[in-house]
Number of protein chains: 2
Amino acid sequence: MNRPVPPELLSRLYTMTAFGPTSANCQPLRLVFVACEQAKRRLIPMMAEGNRKKTHQAPITAILAYDLRFYEHLPRLYPHQPDAPFWFSSSELVAREAAVKNSSLQAGYFIMAARALGLDCGPMGGFDAEAIAREFFPNMPYEINLVCNLGYGDKSQLHRRLPRLSFQEACSILL
Amino acid sequence: MNRPVPPELLSRLYTMTAFGPTSANCQPLRLVFVACEQAKRRLIPMMAEGNRKKTHQAPITAILAYDLRFYEHLPRLYPHQPDAPFWFSSSELVAREAAVKNSSLQAGYFIMAARALGLDCGPMGGFDAEAIAREFFPNMPYEINLVCNLGYGDKSQLHRRLPRLSFQEACSILL
């Protein structure tokens, strides 16, 4: 719907997201909130065809990225373990896997927090990740995880929820 | 604390977790809830030293895994796109990245849902992932993402919350 999202809600959304736990408190998630026509026009051609119209319509589009050099903040974020940066910095593969995993965890907190704040969320995986990183994070060691539309949806336009795996299919309890 | 977690809470926890969105509704997360002494005894030696005592004390320890062949369920989970399984099945690398990302997203929903149900959560990344997969998912194409203790914590034993990156450090708004 054509109802704006107040910018102060975005800082509440981030604060709630950031409370969630990450490995060694590493917090690799980085966010750009695209909230103006001009920036939207830069983003939309990098979205997959099927994601363009909804990205155009959403009042805010959040770009969720991860910082491949997140470990540089660990001396402050995880001060009781002075060697924590080296758990990640010794291998690009290890750093990237931790950044992907933990920024995805944080994306889960972000989506739940947005819903808790009354926003509707449209997370999207279809886009040109390299182009978005170059355009919105130039010369930064960032990669794109997810792009997520935020706004107030129109319930009359909802699709039916897709099926979920049952507890029996996805879980077991060892009693 | 030494207060048990009723098994019916675990199925509510899974139901809430499963509502969260995933790419192409792929839901790669698979869970084992370790709820008895005998299974705990199999798990504990595979946990990192620093995680053993708390894993022993927690009434439930959840093993969060991902199914590398999650795409076999897509004809049912994403029926309007008959080619969806092939988006993932053509490359092991693509399938694994989607499984890691989406099971981490679901792990974020899981942690938020557990907190919403009044449980305390102790997610842990320190363990022998291959040994746990062999022991708890023998002959299955599953890998371990996270191990998470569940229970009712003792507030007097809490550490102080570690610092979080500020909005200014992690976010920007294009207005």
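This is a predicted model: local features need pLDDT of at least 70, side-chain atom pairs count only at pLDDT 80 or more; totals for chains, interfaces and linings use all residues.
Two residues are in contact when heavy atoms of theirs lie within 4.5 Å. Chain A has 175 residues, of which 50% count as buried. Its C-alpha atoms fill a box of roughly 50 × 50 × 30 Å, taken along the principal axes.

The secondary structure of chain A consists of 8 helices and 5 strands. Followed along the sequence, these elements give the pattern α-β-α-α-β-α-α-α-β-α-β-α-β. One of the helices, H7 (residues 129–136) of chain A, illustrates how the elements come together. Its buried residues are A:Ala131, A:Ile132, A:Ala133 and A:Phe136. Within chain A, the buried residues of H7(A) pack against S1, helix H2 (37–43), strand S2 (60–67) and strand S4 (142–151). A residue counts as buried when its relative accessible area is under 20%. In S2(B), 8 of the 8 residues are buried, so this strand is largely enclosed by the rest of the structure. In a regular strand, the side chains alternate between the two faces of the sheet. On one side of S2(B) lie B:Ile60, B:Ala62, B:Leu64 and B:Tyr66, and on the other B:Thr61, B:Ile63, B:Ala65 and B:Asp67; both faces are covered.

S2(B) also has strand partners. It pairs with S1(B) in the antiparallel sense over 6 bridges, and in this pairing B:Leu31 stands opposite B:Leu64. S2(B) pairs with S4(B) as well, again in the antiparallel sense, over 8 bridges. Here B:Tyr66 has B:Glu143 as its bridge partner.

Strand pairing also links the two chains. Strand S1 (residues 29–34) of chain A and S5(B) run parallel and are joined by 4 bridges. In this pairing, A:Val32 stands opposite B:Ser172.

The interface as a whole can now be considered. In it, 55 residues of chain B are in contact with 55 residues of chain A. The area buried between the two chains is about 4,900 Å², and carbon and sulfur atoms give 66% of it. Three residues, B:Arg164, B:Leu165 and B:Leu174, supply 15% of the area that chain B buries against chain A, more than any other three residues.

Polar and charged groups also meet across the interface. Between chain B and chain A there are 30 residue pairs in polar contact, counted where both residues have pLDDT 80 or more. The number of salt bridges between the chains is 4. A salt bridge is formed by the side chains of A:Glu169 and B:Arg76, with a distance of 2.5 Å from N to O.

Several elements of chain B give two or more residues to the side that touches chain A, including helix H1 (7–19), strand S1 (29–34), helix H6 (92–116) and strand S5 (171–174). H6(B) gives the most, with 11 residues. The residues on this side of chain B divide into 35 nonpolar, 11 polar and 9 charged.

Notes:
Residues are numbered from 1 along each chain as its sequence is written. Chains are lettered from A and ligands numbered from 1 in the order in which they are written. Side-chain values use heavy atoms; hydrogens and water are left out. Buried area is the accessible area (1.4 Å probe) that two parts lose on being put together, summed over both. A polar contact is a pair of N or O atoms within 3.5 Å; within protein, one must be able to donate a hydrogen and the other to accept it, and residues adjacent in sequence count only if both atoms are side-chain atoms. Ala, Val, Leu, Ile, Met, Phe, Trp, Tyr, Cys and Pro count as nonpolar, Asp, Glu, Lys and Arg as charged, and the others, Gly among them, as polar. Two strands pair if DSSP finds at least two bridges between them. Buried means under 20% relative accessible area, exposed over 50%, partly exposed in between (1.4 Å probe, protein chains only).
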